[in-house]
Each structure stands twice: as structure tokens, then as C-alpha cells.
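Q: I have a chain open in the viewer and want to learn how to read its features. Where do we begin?

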Amino acid sequence: MTTQDISVAHQRLREGVDALNEGKLDKAAEAFSDAEVRFRLAGDYRHAGDSRMLLAEVQQQNNLIDSAIISYSRARNYYRQAEQPLSEAGATMALGHLERQRAHLDLAQQAYEEAGALYQQQRSVRGQGNVWLALGHLELQRGHIAEAAAYYQRAIAAFQEAGEAITEADARRSYGDTRRLEQQFAPAEEAYRQALAVYEAQRDYYGAVDALSGLAQICLEQWRLAEAADLFGEVIRRSLELEYELGQADGNLGLAAVALANNQLEQALASAQRAQQVYEDQRNALGLAQALRLLGEINLRRGQLAYATSQVQRALRTYQALARRPGTAEAQLCLAEILRRRGLLERAVETFSAAHEQAHLSANALLPSQALLGLGDIYRQRGQIARAHEVYEEAATRAAQLTEPFRSYGLAEAILRQARLAIAGGSLKVAWEQLNTARPHVESGSSHHARLAPLLALAEGEWYLTLGESARAEGRFSEARQRAEMLQEPLLAAEALLALARTYLARSELEAALLTYTEAERQFQQLENPVGTAAATLGSAQVMIGQQRWSEAIERGETALTRFGQNEDLTGQAETLLALGLAHRNMEQLDEAWANLEAALRLYQQQGQPLGESDARYERAGVLLAQGRLDEAADELQRAIALVEQVRQTLPAPEQWTAPFMRQYAALYAQAAITEVRRNREQQARALLEAYVRLAGPHELLEQLKAYEESIPTGGEHLSEEAISANKDLQKRLRQLRKGLAS
């Protein structure tokens, strides 16, 4: 080839560089390809390699990753033929970066190690530093935090030796990422600040923005939200000056996370959407995944489960495609909670378990305990109470190992769930102690801890309602609803509304209860929450039973039962079967009633709910009495009373709480006494009633006995003389029993 041909090749190479600088990528690609051919034909493999390297850069900008990999491979071969080991190492490093981008981590590692060997042969300390920095990024992507930190430290030392201040700052910033991921915030902050100082001294303003983002992230993860907002705002300000779009996106995503932590959901949504758009425009897959995950969390809070599912699944696919394990764990946790709320429990269990396994790779300190809490919620819903208790205990143990403020928050979150489990299990003293343990953490003054206030108020309301203190329960449920609405927690607000309806029903305020159940059902439907919807449907059926609208109650009860069954909610199924049994009994459909009550009893026993079991036995006794089976009914009633007594023994302060608790069961004791009288066992009836009166006073009991007396027929054509005489005798004996109590 002539000297003129070589000159043309160089001219074409310069034209390609000019076109690349002007953003004319097609023209640049054509020029570099032409230059490469000319240099190769001339045997100038060094410049052929340079041309191919530049072509690869153009292909990368066009997102033609496979083509770029081919170009870097050819460039490496040219440099090898030209005996240019440093350039060969550079091409090999570029290959490694692209393989890492494609999540081919083993191929990337192989390329980095090959480049490292070349740099070592040439004694290039700077090159070795670049290899260690890249290997650190690789291990971080794999979720191997300690290994990544070790590589970053080696890179820092190499860049110091080479006098490369900017790349040393890059390595320090990356080392700060590893310390932050392991909750070592002090060394992380020091690393970010050291990097920031170098960037600013060297006027690397882009690097300074990235270091500020790291500092802001530390503040966010430590719940120092005001500082985090200021720093993310500064990131955006500087990025705007630099026209650094990815920096702006990082700042907006950070502000979205701050707004979410501050319960400002609309602001969080707007900021996250701005970040998402930039990441999509810039084809930044990792940033896009982070934005989608946060958008999924925001829409989960808003109750927009369909949107949340789509966004989190897309984020999860991206994290997995990038082999980005820390992000994968957080996306799995969010997806698992969405699946749980939608009633897809089997998939939710699998996803919570996967998130728990990956939890050590996440920057979220609470992720392990949150995954366990989600699993516990599912076990509780399925009626696997012992398993739920174990998992809640493990979550509390994990939380206790954290530093503040994560420790107290995680403990309170686990203890409140344990308290609700204890209330349902009839362990009222244990529940009260757990509530008192959680309360100081919730009321600590921390804005983040205040997010647990609705859950605390809800649990306390359930405790008071179980106790029979409906006025106090109503106050706590109302507070739970107000706080949940203030914190923009619509699911908790709907749960509090449902609890208020239960309180009205317990007081027989049927119109208020029905209106409240109807509103709760509407809210749960908006939140795409099938279990809540079923619970509200059941509540309206229970109101209809109180209104003696038996057929309507059965229709709604069967609808609720189907929904609870589809969502594996055993507590809901038990309550619904109890209501259906009562409705069928009142319609004198005794076989259907018995079947419902038998099934309800088994479910309550399976879940260890003594008060539910007591209610089921009381209603079963009603069926037996209607069939004239007095001895069997008496046995059921005695068992029901024993269960009430069992729970009464767990009251934290019997002298304070016994009366309201026992007054709820006046009908049970009255029916048991009446049955004993009908069996001609007045002495046993009297002993039973006197025991009740000592605990709760006579008022409610006397009303029950009097009402029953007045309901006994003592005349009419349908009764025989013998039946009339027997009924009058029963009235007389009950009257004597009642007067003995009143005296």
C-alpha cells in the first residue's frame, strides 16, 4: 500500500473522530470502518485496532452491544498482532465491561483477569487499579459486598501509587457504597466526603454530583430525611447546571424516596415518574429498575395493586437480567407483599422466602425481618398459628440485632403482630404486656416510628373490644383510622373502619354498623383487597342476622365464605360459618345449621381461638335445645363457659377488667342455668349464676332470665294441658331463681 493510501486512512480516522464529536454516529461508523480496512491492508494493526475501538464506541452509543463486543474482540486481536499489550489490555477491559452490562459475569471476570495479567506484565499500576475497580463492581453486582470492598481498597492503593486522583476518588466512592450496604455508615460517609473533596479540587463536577448522591443516600437510609432532602436537592441543582440528566434522575428518585418516607405519596409519585422517564430516555437499565421498584412501593401504599404488580415485576426482571442481586431482594419483598394482599398466598410465600434468602445482599436493614413478618401474616391467615408465632419471634430476634433506629422500629413492628396474635388466641395478659412494650417505641417522637401508630391503635382497639370495653375500642379504632388517613395508609384506614363497624355491631347499633360495613367494603374494593372485601360482606350479613333478615344474611354469608376460601383465610371462614349456622338455625334449618357450626368449631380449634370456639359451642347448644337434646346441650354450654373462664384467667388485672369481659357472656351463663333448671338441677344452676354475679354483677343476667321467662308460652290451642303445666312450672322455678339473685 502506498504512502498516499496510509495518508487517506489517517484522514478517514480523523473524519470519524470529528463526526463522533459532533454526534453524527452513522458518518463516524462509516469512516472508522473504512479506516480500519485501509490500516489492516497496510499492515498497520495498531491503527486498525484504534479504528475498531472507536467503531465499538459508536456501536455502544447506538446500543448495538453485540456488534460492539465483536469490534472490541477484533481490536484486541489487532493490538496483539501489533505487540501493543497495554492497548490489548484496554480492549480486553472494554470487553469485560460489556459482558458485565449483559450480566455475563463469568465472561466479564475472565476478561478482567486477562487484562490484569497484561497490566501486571507491563508493570502498569494504573491498569491494575482499573482491573481491581472493575472486579469490585463485578462482586458488588453479585452481592458479594465484602469481596467488592477488598477489591476497591486494592484499587485505591494502586491509584494512590499511580498518582491518579480522580480514579482514586471513584474507587473511594465505590468503597463507600459497600460500607453503606453493610450499614457501616460512618466509614461510608468518610469515603464519600473524601471522594467529594477530590472531585471538587479537580473540578470533576460530575463525580461531585455522584458523591453527593451517596451522602444523600446515607441520610435517607438512616431516616435523616430533612438532610437527605437537602442533599438530593443539591444533586438536582448541580446536575441542572451541568445538564447532567442522569444526575437529575438520581436526585429526583432520591426525593421520591424521601417523600414516600414522609407519607407524601403524590409528591413521591411525581418525582419517581420524572426519574423513570430520564432513565428510559438514557437507556439506563439499573436506574430504570430502581425507579420502577420505588413506583411499585408507592402504588402498593396507594392500594393500586395492578399498577404496582406491573412495575415491580418489570423492575425484578431488569435486576435479574443485570444479575443485580441487592436490588432483586428489595423488588422480591415488594412483589411478595402485593401478592399477599391480592390473596395469591402460595406465590407470596415463595417470593417472601426468596427475598429472605437474598436479604443479606440488600441495603435495606429491615428487609430480613420484613420478609419474616410477611410470611407470618400469611401463616396467620392460613390458620397456622404456631408457625406464625415462630416466624414473628424470629423477626423480632433479627430486629433486635440491628442498630438504632432500625432496632426499635423492627421490634415494635414484630411485637404488635405478636400482640394481635395473642388477642386472637385469648392470651390477654400477654397481649397487654406486648402492647405496653411496643408503645414507647411507637411514641418515641420519631416521624418514621409514627408510621406504626395506626397499627398500635388498631391492636389496642382489638384488645378493648375483646375485653368488652366498646367505648374504649371505638376511640382507639377512630384514632387508628385518623392516623392512617393522615399517613396516607389507605389499607390500614379501611381496616380501622371495618373494626369500627364491628364495635357498632357489638353494641347492637345495627344501622350504624351496616353503613360502616358498606363503606368499608367499598374502600377494600378500591384497594383490590379481596380479604377485606369478604370481611365487610360478612359484617353486613351479621347485621342482617340482627335484623332477622335471614335469607339475605345467608346469601351474603355464602358470598363471603367463597371469597375467604379462595384466599385461604381460615379466621374469616370460621366467623362466616358461625354466622351461617346462626341464620340457618333461626330459619329452623337445623341440619344445615349443625353442619356450619361443626365446621366453624373445627376451624376455631385449629387456630387456637378459645372465644371463637366458645361462640360456636354456644350456637351448637342452641341447635341441640331446639331438638330437645338437653343433656348434650348442657355439655356444650359447660364447655363454652370453661373456654370463657380460660380466657378470663389471662386478664392482666382481674379486679379492673373482669366485669366488662364477663358481661359479654351473660346470655351464655343464663342459657346454661336455664338448661340446668330444665334438667331439674336448680342447685347447679344457682351455683353457676352466683359465680357469674360475683364477677360481673346481676344486671345483665337478670335481664336475660326475665326475657326467657316472658318468652315461655303458657296458653294457646297448640299446647296440651301437660305442656302448659310444665311451662308454668318452669316459669315459676326460673322466677324463684331470678329473685334469689336479685335479693
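**Reading the model**

A: Begin with a loop: E243 sits between α12 and α13 (245–261). Helices here are DSSP runs of H or I with at least four residues, numbered from the N terminus. This is a predicted model, in which local features need pLDDT of at least 70, side-chain atom pairs count only at pLDDT 80 or more, and totals for chains, interfaces and linings use all residues. Residues are numbered from 1 along each chain as its sequence is written, and side-chain values use heavy atoms, with hydrogens and water left out.

Q: What is the phi of E243?

A: Most residues other than glycine have a negative phi, and most peptide bonds are trans. E243 is not a glycine, yet its phi is positive, about 55°. With a relative accessible area of 67%, E243 is exposed. The cut-offs: buried is under 20% relative accessible area, exposed is over 50%, and partly exposed is in between (1.4 Å probe, protein chains only).

Q: Where is E83, and is E83 buried or exposed?

A: E83 lies in the loop between α4 (65–81) and α5 (85–101). E83 is exposed, at 67% relative accessible area. Its phi is positive too, about 55°, although E83 is not a glycine.

Q: Which bond joins E404 and P405?

A: A cis peptide bond, with omega of about 5°. P405 belongs to the loop between α20 (385–400) and α21.

Q: How many aromatic pairs does a search of the whole structure find?

A: Rings of Phe, Tyr and Trp (its six-membered ring) pair if their centres lie within 6.5 Å; planes under 30 degrees apart are stacked, over 60 edge-to-face, and the rest tilted. The search finds twelve pairs. Take W223 and Y409: their ring centres are 5.3 Å apart and their planes stand at 70°, so this pair is edge-to-face. W223 is in the loop between α11 (205–221) and α12 (225–242), while Y409 is in helix α21 (residues 406–424), so the pair ties together parts 186 residues apart in sequence. Both W223 and Y409 are buried.

Q: Which residues form one aromatic cluster?

A: W432, W463, Y464 and W657. A charge sits over a ring if NZ of Lys or CZ of Arg is within 6 Å of the ring centre and within 35 degrees of the ring normal. R439 lies over the face of W432, 5.8 Å from the ring centre.

Q: Which residues have the most contacts inside the largest nonpolar core?

A: A nonpolar core is a set of buried Ala, Val, Leu, Ile, Met, Phe, Trp, Tyr and Cys residues joined through side-chain atoms within 4.5 Å. The largest has 185 residues, and those with the most contacts inside it are L416, L435, W463, V644, F661 and Y669. Helix α25 (residues 490–506) gives the largest share of this core, twelve residues. Apart from it lies another core, of 29 residues, including W132 and L140.

Q: Which residues of α36 are buried?

A: An α-helix has 3.6 residues a turn, so residues three or four places apart point the same way. In α36, L701, L702, L705 and E709 are buried. Viewed down the axis of α36, the buried residues fall within an arc of 95° (taken from the directions from the helix axis to the C-beta atoms), so they line one face of the helix.

Note on methods:
Helix = DSSP H or I, 4+ residues; strand = E, 2+ residues; numbered from the N terminus.
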